[in-house]
Amino acid sequence: MNYIKHLTGFFDKIVQDFDLNPTHISLYLALFQFWNLNRFQNPISITRDEVMRISKIASYATYHKCMRELHQKGYLVYEPSYNPFKGSLVHMINLSSELKPLKKSERTNAKSEQENKQALNRKQTSNDTSTEQALVSSINNINSTNSFKNINKDEQAKIKKTNKTNNQTSECKIANEEITKKKLREKKSCTEPSRSSTVAIEKVPPTQEAVWNFFEEKQATQLEAEKFFNYFESNGWLVGGKTKMKDWKAAARNWLLNSQNFNAKAKGHQEYTKEPKPNHLHTSNQKNYGEPL
């Protein structure tokens with residue numbers, strides 16, 4: 001098989017065939033590339049999607065129309081398989097023998113006939129079409145391009161699987177974060193009512209009678225209760241003169257502790273500062289140590 005002679009014969013033939021358009025030529029060159037990869041051995045196994053991708057044909061109807069017309073005009077022999085797991089077969093016809101071009105007069109006549117035919121039917125773009133092959137690509141090892149396609153499919157499947165796993169991981173992470181936030185909001189909403197109710201009860205200033213009863217329970221005098229009530233009633237029940245009191249009972253307990261400490265210190269100071277009594281220094285009467293001897 002001579003590569004150059006075959007292509008020369010093909011181009012010589014399409015010059016004379018005015019029914020072909022660029023789509024036919026693109027499809028034939030794609031099939032010729034398959035034939036070349038198969039070392040010019042007939043038949044070659046093809047898949048529709050792969051041939052359409054290489055020939056840049058985007059329509060199934062256009063593909064089947066061009067394939068059928070190439071078959072009818074003797075450029076190739078097309079044998080559709082009608083099996084989704086088996087590729088269709090194409091027999092490429094050797095065109096190297098058709099190298100002699102037509103005479104100029106014959107070409108002119110053929111061209112004029114073709115122009116007249118196109119003038120009669122300018123709007124006709126396609127004939128009846130049929131889906132002769134399944135959409136699923138074939139699985140066979142007759143052609144080396146099929147193995148390349150299978151490798152690419154495996155790589156694409158791995159990439160898709162990895163992307164899908166990553167997307168699922170990120171979605172699960174986001175879902176877990178949303179669940180955690182929702183639980184925190186529910187917990188906060190459950191605890192806030194009791195807390196607010198407690199604060200509301202404690203913020204209410206107590207009555208004088210309630211203070212007396214509380215100090216009586218703590219075995220404190222009524223005088224201390226009145227001191228406590230009068231002091232905080234005068235400053236608007238503020239702690240330190242700035243902060244609003246939250247729990248007056250806690251403040252009362254603190255008041256009692258401070259009062260006990262204050263009373264103990266005052267008592268010790270009085271004992272330290274009072275004058276010595278008789279017989280304190282083995283004397284019979286009071287003695288003024290400020291007098292000279």
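A: Lys-65 forms a salt bridge with Glu-69 (a salt bridge being a side-chain nitrogen of Lys or Arg within 4 Å of a carboxyl oxygen of Asp or Glu), and the closest N and O atoms of the two are 3.1 Å apart. This is a predicted model, in which local features need pLDDT of at least 70 and side-chain atom pairs count only at pLDDT 80 or more, whereas totals for chains, interfaces and linings use all residues. Residues are numbered from 1 along each chain as its sequence is written, and side-chain values use heavy atoms, with hydrogens and water left out.

Both Lys-65 and Glu-69 belong to helix H4, where four residues, about one turn of the helix, separate them; helices (H or I, at least four residues) and strands (E, at least two) are DSSP runs, numbered from the N terminus. In general, an α-helix has 3.6 residues a turn, so residues three or four places apart point the same way. Lys-65 counts as buried because its relative accessibility is 9%, and Glu-69 counts as buried because its value is 12%; here buried means under 20% relative accessible area, exposed over 50%, and partly exposed in between, with a 1.4 Å probe and protein chains only.

As for the length of H4, its 13 residues should span 18 Å at 1.5 Å a residue, and its end C-alpha atoms are 18 Å apart, which agrees; the expected span is 1.5 Å times one less than the number of residues in the helix. At the N-terminal end, Ser-59 caps H4 with a side-chain oxygen that lies 3.3 Å from the backbone nitrogen of Ala-61.

Lys-73 forms one with Asp-17, where the closest N and O atoms are 3.6 Å apart. This pair links distant parts of the chain, with Lys-73 in the loop between helix H4 (60-72) and strand S2 (76-79) and Asp-17 in the loop between H1 and helix H2 (22-37), 56 residues apart. Asp-19 also forms a salt bridge with Lys-73, with the closest N and O atoms 3.0 Å apart. Because Asp-19 lies in the loop between H1 and H2 and Lys-73 in the loop between H4 and S2, this pair ties together parts that are 54 residues apart in sequence. With a relative accessible area of 28%, Lys-73 is partly exposed, and Asp-19 is partly exposed at 34%, while Asp-17 counts as buried at 15%.

To return to the pair inside the helix, Lys-65 and Glu-69 both lie in H4; salt bridges that share partners, by contrast, join Asp-17, Asp-19 and Lys-73 into one network. By this rule the count comes to four salt bridges.

Terms used
A polar contact is a pair of N or O atoms within 3.5 Å; within protein, one must be able to donate a hydrogen and the other to accept it, and residues adjacent in sequence count only if both atoms are side-chain atoms.
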